Amino acid sequence: MTSVPDTVLAVWRHCPRESEQTLILPDGCRDLVIRTTAAGSVNGFVSPLMDVTQSHAHQAGDRFVGIRLVPGAAIDEAGLLKALADLPERNLTETLSLVDAFCHRSLSLAEALASLAQGQRILNSTRSLGVSSRSLTRLLASHTGRPPIWWRNLARARQAARCLDDGRSLADLAGDLGFADQAHLSREFRRWFGVTPRAFRSNPALIRSVRHSGFDIASV
């Protein structure tokens, strides 16, 4: 059985049978992605921490293997990609060993992200963590390049998106999750996902995508 490092949240594969445009939602994670084209060329890259939903073109016959890292994982990107290119064969076991060697997680950062993943007020997180707002901001900025409110808002937007089909009205969902009102919820959806909550709810591909592993309480 392949050993999975504690920096790895999930392993995924994607093999499009026809050319497609895929919407990639911001999920608070970075992925090591290995792409093999239909012609057999192979390249690896580390995805950025995304601020907005992006559309990516995938060609028929391409094969993707992705290793999703936990939110906030520190990555020696240059070292990882060089070591990956030098592998005699790119099997999953060897690739996960490289991830273990070139990625690590900070326990203090993991605790901070776990608190922010609950989508509550930043003040609640600083109190539960026993740190000042300035200390929390410095910690998040140094490790992720994003402020606490970015993480809190992302967690809340993702939670709202996952709850769209649970029968609640948008007004009730907004109130339950701490948005000021339904208009605030809609603005946050457009900011993160590029569509309104109603458009998101009517798109099965988006609903499936937001249920994939990403920044939430269980991931950090």
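## Helices and strands

The chain contains 10 helices and eight strands; helices (H or I, at least four residues) and strands (E, at least two) are DSSP runs, numbered from the N terminus. This is a predicted model, in which local features need pLDDT of at least 70 and side-chain atom pairs count only at pLDDT 80 or more, while totals for chains, interfaces and linings use all residues. Residues are numbered from 1 along each chain as its sequence is written, and side-chain values use heavy atoms, with hydrogens and water left out.

## Overall dimensions

Along the principal axes, the C-alpha atoms fill a box of roughly 55 × 40 × 30 Å.

## Burial and contacts

Of the 220 residues, 43% are buried, meaning under 20% relative accessible area with a 1.4 Å probe, protein chains only. Among contacts with a separation of 6 or more, 73% are between residues 24 or more positions apart; a contact means heavy atoms within 4.5 Å.

## Cysteines

The structure holds zero disulfides, a disulfide being a pair of cysteine sulfur atoms within 2.5 Å. For C29, the nearest cysteine sulfur is that of C103, 12 Å away. C29 is buried, with a relative accessible area of 4%.

The sulfur of C163 is too far for a bond, because the closest cysteine sulfur, in C29, is 18 Å away. C163 also counts as buried, at 16% relative accessibility.

Note on methods: Buried means under 20% relative accessible area, exposed over 50%, partly exposed in between (1.4 Å probe, protein chains only).
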